[in-house]
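Dear colleague,

I am handing over the structure we spoke of, and I would be glad if you could look through it with the notes below at hand.

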Amino acid sequence: MARCTTKWLGALAGAAVAAVLPAAAQAQDTIKIGLLATLEGPFAAGGQDGMRGAELALKQRGGMVAGKKIEIIKGSSDAKPDVAVNATRKLVEQDKVQIMVGPLSGSEGIAVKDYSKSQPAVTFINGGSGAQATTLVDPSPNFFRFNTEGAQWMVGLGTYAYATKGYKKMAVIAEDYAFPYSQVQGFMAEYCKAGGKVTHKAWVPLGGKDYSSVIAKLPQDVDALLVVLGGADAVNFLTQYEQAGGDKPMVGGSITVDQTVLNFKGKRRESLLGTPSAGPMADAIDTPEWKKFVADYKANFKDGFPSPSLFATVYYLNMKAALDALEAVNGDLSGNQAKYREALAKLVLKGPTGDIKLDENRQAIGTTYITEVAKGSDGVFFNKVVKAIPNIDQRLGMTKEEFTKMGLGSRDVPSCP
């Protein structure tokens, strides 16, 4: 009887092992990627479009890489660094994602970069955040960014505003956190060097609703305003500036006149025609790669914008890089993902905006587009390309000594009153 019982128990155990094995094999054939964007707060529309861009990169591969299924697990933030880290922590520590893509906003990116150092077995790839300090200051060995950042996005715009548009004296209104500091630096470094003067800076809270006091203090003796606001903040400011009778021409930050803002309703919208801006993409890039990207975006997302926003574009680039490097190592994430990270570091990303490579801090070097707002025959507003400037690095074309002397962008750097 004992022998029969032992035999029966052994058979039962064998059956249990057999039942478990397919599930284990299946788990090894699935790679989990966490995807974090701001689905709440002032950048919610941009976060939703960032998700579309990341999803498109996976759709183009049929949801598979190197014979492995890619499972996307989404997280939401609201542009606050602590919220972004908590959402990332859940994806990494509870959901057990192997690769993280995100976050969206500048200060979020710095915080997630810092968190990544405590998770050496996970690879972190940026989503859309564009603060310089994320990769330029105390970089993390397992954090990669395949989008150029906020200061890089503005290279060429200061010279264009001064020399071509004739704006010799300007005022700045920008959100008071890391990404706008980078944007303002990228603009002012050139603008001040060309001879321009910035006589007034207004730093406003992220997610502000009432701009009346800020508008009242804007000087009247300037030629134009540099406006570095995004999402709902940009729409609120433009609407209230119109209502207050403001009539100064504007120069836009990279997300001030992108698709998440351009098609808002209001009289001020018409006055945006001709507004110069700059960034890592433009709605009307005339290349086969960009046109295919736009066509794929429109075909897959009927609820999207008339053209992919900046957020959709940079999330697409970062997710595509994550998947391209997985393909390069045949999905091998063994050894604390050493081969995978080596593939990421060496990757020359073939994207819709041109080739992108990484520097020694795992930060993108790529093309910046100088643009102006235009209106199509269908009434849709878009950004036309004025000039493309390739191979922009984080030191904005300066020597290390020149950039170090200037320092990182902040409320007070640069200055040319």
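What follows concerns the cavities and the salt bridges.

Please keep in mind throughout that this is a predicted model.

Cavities

The structure holds three cavities of 30 Å³ or more, and the largest cavity takes in about 90 Å³ of space. Its lining is made up of Ser254, Val257, Asp258, Ser277, Ala278, Gly279, Met281, Ala282, Asp283, Leu310, Thr371 and Asn383. Sorted by class, this lining comprises five nonpolar, five polar and two charged residues. Among the contributors to the lining of the largest cavity, strand E11, which spans residues 276-279, gives the most, with three residues.

Salt bridges

In total, 20 salt bridges are present in the structure, and I describe some of them here.

Lys74 pairs with Glu55, and the closest N and O atoms of this salt bridge are 2.3 Å apart. Because Lys74 belongs to strand E3 (residues 68-77) and Glu55 to helix H2 (residues 44-59), the pair ties together parts that are 19 residues apart in sequence. Lys74 has a relative accessibility of 46% and counts as partly exposed, and Glu55, with a relative accessible area of 23%, is partly exposed as well.

Is Lys113 buried or exposed? With a relative accessible area of 2%, Lys113 is buried, because buried means under 20% relative accessible area. Asp114, on the other hand, has a relative accessibility of 42% and counts as partly exposed.

The side chains of Lys291 and Asp286 also meet in a salt bridge, here at 2.7 Å from N to O. Lys291 counts as partly exposed at 48% relative accessibility, whereas Asp286 counts as exposed at 62%, given that the exposed class begins over 50%.

With best regards

Methods:
Residues are numbered from 1 along each chain as its sequence is written. This is a predicted model: local features need pLDDT of at least 70, side-chain atom pairs count only at pLDDT 80 or more; totals for chains, interfaces and linings use all residues. Side-chain values use heavy atoms; hydrogens and water are left out. On a 1 Å grid over the protein atoms alone, a cavity is a set of points where a 1.4 Å probe fits but cannot get out, and a pocket is an open set with protein on both sides within 12 Å along at least five of seven lines; lining residues have an atom within 4 Å of a point. Grid points are joined across faces, edges and corners, and a volume is the space filled by probe spheres set on the points. Helices (H or I, at least four residues) and strands (E, at least two) are DSSP runs, numbered from the N terminus. Ala, Val, Leu, Ile, Met, Phe, Trp, Tyr, Cys and Pro count as nonpolar, Asp, Glu, Lys and Arg as charged, and the others, Gly among them, as polar. A salt bridge is a side-chain nitrogen of Lys or Arg within 4 Å of a carboxyl oxygen of Asp or Glu. Buried means under 20% relative accessible area, exposed over 50%, partly exposed in between (1.4 Å probe, protein chains only).
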